[in-house]
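I opened the notebook to look up pockets and helix packing. Entries follow.

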Amino acid sequence: MRVGILTGGGDCPGLNAVIRAVARSLIQLDGTEVIGIEQGFLGLIERRVRPLDLDSVADIMATGGTILGTHNKANPFGYFGAGGADVSEATCAYVRELGLDAIVVIGGDGSMAIAHQLAARGIPVVGCPKTIDNDLAHTDRSFGFDTAVAIVTEALDRLQTTGRSHGRVMILETMGRYAGWIALHAGLAGGADIILIPELPYRLDEVARVCREREAREHYTLIAIAEGARPEGGQLTVKERIEDSPEPIRLGGVGNVLRTQLEPLVGCEVRTTILGHVQRGGPPTPFDRVLATQYGHAAAQLVAQGNFNRVVVLRGTQIESVPLADVAGRTRNVPLDHPLLRTAWDTGVSTGTAPL
């Protein structure tokens, strides 16, 4: 067999571990020839690929990012480099020219949506869920998420000491798009007093009340806020719009909005830190390395079995797979009955709302 691998969308800790596992498994299982596709779907559009052997994937497990490169605008069905034209026919022709029996697509919901469209045109695909946001449908955990949570937790630990020393409200804005998984997990791990997530629009007066109570008692407050959080009746905070991107709306800056709203309502200083892309970079945690390796191995097995157009997922402790169509373009938000929300409320953490 001849199998291609590509990494699409934003970079993420653990991508190289998946590439390594897919390549090593396929090569060692049946001598499959593995082809690396550069910069995601852009490599198929611009005809840029290279062979991957055991030497080329050695010693990359702990390296952040992706050795293949990635791209978050290269959609063959609306290519920015051709004025938004559909170049999918030429893309599929190139896949066949390469003699690829399958492509392993490592990416989030946007990459899976493109992969699903390619599958509909006869390209065999196997998907691996990648996003630090942990918002891909039908999987309990995407690799990269654990690393992002660890980075945010460390930042909260550091902000807590500064907040306590100066008697401040310290706001930390996390990534996550329209889902609050990073803020919720890291907020609990980092001892945040208030956790604000997109799924529960917050009341400013409630956030201010908690800050004032803590100001009188503890003299500081630690707030974790997801970039997609918004006040009741308010709008999302949009940092910019990139019209030639498959996802044109880029969120960001809600932490500064909250600071401006909160300062007149409390007696102490309010400071905001926005971590941004720090959450995406650096080496993956051991958990993400193991999960990424499991995903890569499972994807290779699906390819070897000829079980295409599926995505490997984690359900509980089991690696399974679901149809690509069930994942493409779909996201997973924090359910309002999620046990971690109840844990937060019962341990005195505010979400800017009354407990449900």
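**Second largest pocket.** I sorted its lining by class: six nonpolar, five polar and six charged residues. Ala, Val, Leu, Ile, Met, Phe, Trp, Tyr, Cys and Pro count as nonpolar, Asp, Glu, Lys and Arg as charged, and the others, Gly among them, as polar. This is a predicted model, where local features need pLDDT of at least 70, side-chain atom pairs need 80 or more, and lining totals use all residues. Numbering starts from 1 along each chain as its sequence is written, and side-chain values use heavy atoms, without hydrogens and water.

I noted 17 lining residues, with Asp193, Val210, Gly348, Val349 and Ser350 nearest the centre. A pocket here is an open set of points on a 1 Å grid where a 1.4 Å probe fits, with protein on both sides within 12 Å along at least five of seven lines; lining residues have an atom within 4 Å of a point. H7 gives the most to this lining, six residues. The volume is about 230 Å³, the space filled by probe spheres set on the points.

**Largest pocket.** I read a volume of about 920 Å³. Its lining has 43 residues; Asn72, Arg177, Glu247, Arg250 and Arg280 lie nearest the centre. H4 supplies the largest share, four residues. By class I got eleven nonpolar, 18 polar and 14 charged.

**Helix H7 again.** I checked H7 (204-217) against H8 (254-262): their axes come within 11 Å and cross at roughly 70 degrees. That makes the two roughly perpendicular (65 to 115 degrees). Leu204, Val207, Ala208 and Cys211 of H7 meet Leu258, Gln261 and Leu262 of H8, with contact meaning heavy atoms within 4.5 Å.

Technical notes:
Axes fitted to C-alpha atoms, helices over the stretch in contact; angles between N-to-C directions. Parallel < 35°, antiparallel > 145°, perpendicular 65-115°, else oblique.
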